[in-house]
Amino acid sequence: MEDERSLSDICGGRLALHRRYYSPSCLEFCLSCPRISLRSITAVTCTVWLAAYGLFTLCENSMILSAAIFITLLGLLGYLHFVKIDHETLLIIDSLGIQMTSSYASGKESTTFIEMGKVKDVIINEAIYMQKVIYYLCILLKDPVEPHGISQVVPIFQSAKPRLDCLIEVYRSCQEILAHQKAASTSP
Amino acid sequence: MPRLLQLLWAQLSGPGMVLKAFFPTCCASADSGLLVGRWVPEQSSAVVLAVVHFPFIPVQVKELLAQVQQASQVGVAVLGTWCHRRQEPEESLGHFLEGLGTLFSHEPWLQLCRERGSKSWNCKATRRQGPTPLAPACEDQVMLIFYDQRKVLLSRLHPPAALPERQAGDATASAGGLAAVFDTVARSEVLFQSDRFDEGPVRLTHWQSEGVEASILVELAKRAAGPVCLLLACLLSLVSAASACRVFRPWPLSFIWSKLSTCEQLRHRLDQLTLVVSAHRAEGPAQLMRKANTLVSVLLDMALGLLLLSWLHRKDRFAHLAEALVPVADRVAEELQHLLQWLMGAPAGLKMNRALDQVLGRFFLYHIHLWISYIHLMSPFIEHILWHLGLSACLGLTVALSILSDIISLLTFHIYCFYVYGARLYSLKIHGLSSLWRLFRGKKWNVLRQRVDSCSYDLDQVWRAGIPPRTGEGCPNWHQAALFIGTLLFTILIFLLPTTALYYLVFTLLRLLVVTVQGLVHLLVDLINSLPLYSLGLRLCRPYRLAAGVKFRVLEHEAGRPLRLLMQINPLPFSHVVRTYRLPSCGCHPKHSWGSLCRKLFFGELIYPWRQRGDKQD
């Protein structure tokens, strides 16, 4: 089963939330940000090149122009490979764990898998971000030494930053699976 | 609606844990047979290790499993049946497979079945409720997880889980979660040793190595490695004994040894070589990795050194270098002379104290004159010295770089001297000024209490200094004189300060330049010394060997069939590789923070290059 909804992030940008039910014990949420727009690339490139051309007319050194081209290319590659995240996926598998994947615009994927044994809870938290208070979803990890302590807070959907309505939906689904997991582990 | 259905499903299925069956991808095309593996009850997961094919004799299978269990300390058992339907479903085979469940009893009994198409898999796990085989069976929810047996076998999880104690019997699972799966596969390596050409009593399908190609060279190298290592270890122990000899211990020599970075680098290299050729077998993978890293870094270092040496020897570059070195030193001295003459005039339009300026300038000029004559005395021998020092590059690039750093500090000795003189004068003035400033404000430093106290100076007495104090008052005569002289001195010092400060500033900048160059050379040496090249190469070519964890991919599945996941190895990021396997280096971290450096510079305390010996104080 699949469904898709269009949402907005905290700044009002568009987001799309795909939900896939593979089975009752396996759920996937995928948040897609809009792709990088041609307009912004063109604007940035034009600005850099015009500035370089301005400098060139002043100094009459053609090194500046080639340097500007290289800087633009490298900057674009770096931006696509390390900064721009296209999809963020949350895969929850009952009795196995929670997997977070972020796919960059260049196709690079970075994945983190957290075993269910280490997950203490999934919560919605508040944070001060720039000049506003935002909500975010995070995973609390158990402290291996002290059973009731929390060793780490892992934020989910860190780059997409969806609004609260989306977070609540994901949160409920996570809690259902976690409750099932807890019931299973307490009654062997 | 889907959520409702899901809730209903969850209610119906009860709070049983989902059964996870880890199945090796290499067995997916195997013929029908029995599933052999380990059952981990805490996580209700079944790790399938191999498939036993028909025909077999049950007793022989049990014997084989007992052997494996004894060798690997893993509770290997028959977990269920595997059925691969290539043609039309055969009814007889199904009954036969069910019958096997009574022969090899296991709870729960897995029944894995693959239809003709590659996508339709079926898996049932039955648990018998009662002791009798005819008791009603209940079925568990099953999840199929495919894994690559070879990669899981060879990979090493980071951070390493606590090593399970190898006790007798079946007591194993101390590692939790997926680490248990990795552990199981790694420890049942015995099972994978037979390859497909073995004609054993039991036919198995599992991951098989392609076979090891025997090469006579490799065999010879293996045979020779032991004696060679022993010989090298003897030689190294001789060298270290010689270096610890008492001849080198007396005061001036030991002082020089502690100051030269070449000696330090040589000592480090000796330690590295000792570690590599030591006869002790490496305990655990971490130490093995460290040995390999050290070996690769030493080899690379030596290769780079030899490259440098060959480059220097070609076209007789030593002579060119020596010819160029003396003019460069001359040039530097000349520039310094110009600088001093500029300082002795009116530098940047500043009006200095002429007398002090001349004195300082002449002193430094004389020093440079001495230095130039020293260099010219040395110049005939410089080529030979360079040639002999260049030979040390075959010990490695790091040694050559350390020698370069030492040469730089020797050749810029005059700058160092100027800096020291300037700094001493400047700090003297600063300290004098700070104490006189206290006197100026009517305070004084109380030595006993380690604090600043106020002190009453009778100002009237000072103004009428010529008049003798009235008797009987116990008037502090000494205080008046102190205040008078102190004020005078303070004025003199404050007027002389700009001249000294200018000299100090210029020579400090020169000194900082030299220190920065030396610091860069040391950073390069440290980089070569501490970079874990073997681990990085392993991460680059065999990413699965260093695993940070796993990642799962959901394979497409039909409704009503069990969920199928593909487990892949998540390789360790490069930054983590470097952080985990960093080799210990000589340890020259910047000793000063920026703040303390600026403070030291302001108060005229001496700064040294970053490399400082930790154990010896000078």
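In this predicted model, six strands of chain A form an open sheet in the order 1-2-3-4-5-6, with antiparallel pairing. Strands here are DSSP runs (E, at least two residues), as are helices (H or I, at least four residues), and both are numbered from the N terminus. Two strands pair if DSSP finds at least two bridges between them. Strand 1 (2–8) and strand 6 (109–115) of chain A are the edge strands, each pairing on one side only. From one strand to the next, the twist averages 15 degrees. Strand 2 (residues 14–23) and strand 3 (residues 26–32) of chain A run antiparallel and are joined by seven bridges. Arg20(A) stands opposite Glu28(A) in strand 3 of chain A.

Helix 3 (residues 164–186) of chain A lies across strand 1, strand 2, strand 3 and strand 4 (85–93) of chain A. Contact means heavy atoms within 4.5 Å. The helix runs at about 160 degrees to strand 3 of chain A. Axes are lines fitted to C-alpha atoms, for helices over the stretch in contact, and angles run from 0 to 180 degrees between N-to-C directions.

Nine salt bridges occur over all chains. Each is a side-chain nitrogen of Lys or Arg within 4 Å of a carboxyl oxygen of Asp or Glu. Arg19(A) and Asp3(A) form one such pair (2.5 Å, N to O). Arg19(A) lies in strand 2 and Asp3(A) in strand 1 of chain A, so the pair ties together parts that are 16 residues apart in sequence. Arg19(A) is buried, at 12% relative accessible area, whereas Asp3(A) is partly exposed at 33%. Buried means under 20% relative accessible area, exposed over 50%, and partly exposed in between (1.4 Å probe, protein chains only).

Asp86(A) and Arg35(A) form a further salt bridge (3.0 Å, N to O). Asp86(A) lies in strand 4 and Arg35(A) in the loop between strand 3 and helix 1 (38–59) of chain A, so this pair ties together parts that are 51 residues apart in sequence. Asp86(A) is buried at 3%; Arg35(A) is exposed at 61%.

In chain B, Asp183(B) and Arg187(B) meet in a salt bridge (3.0 Å, N to O). Both lie in helix 5 (residues 178–187) of chain B, four residues apart, about one turn of the helix.

Residues are numbered from 1 along each chain as written, and chains are lettered from A in the order written. Local features need pLDDT of at least 70, side-chain atom pairs count only at pLDDT 80 or more, and side-chain values use heavy atoms, without hydrogens or water.
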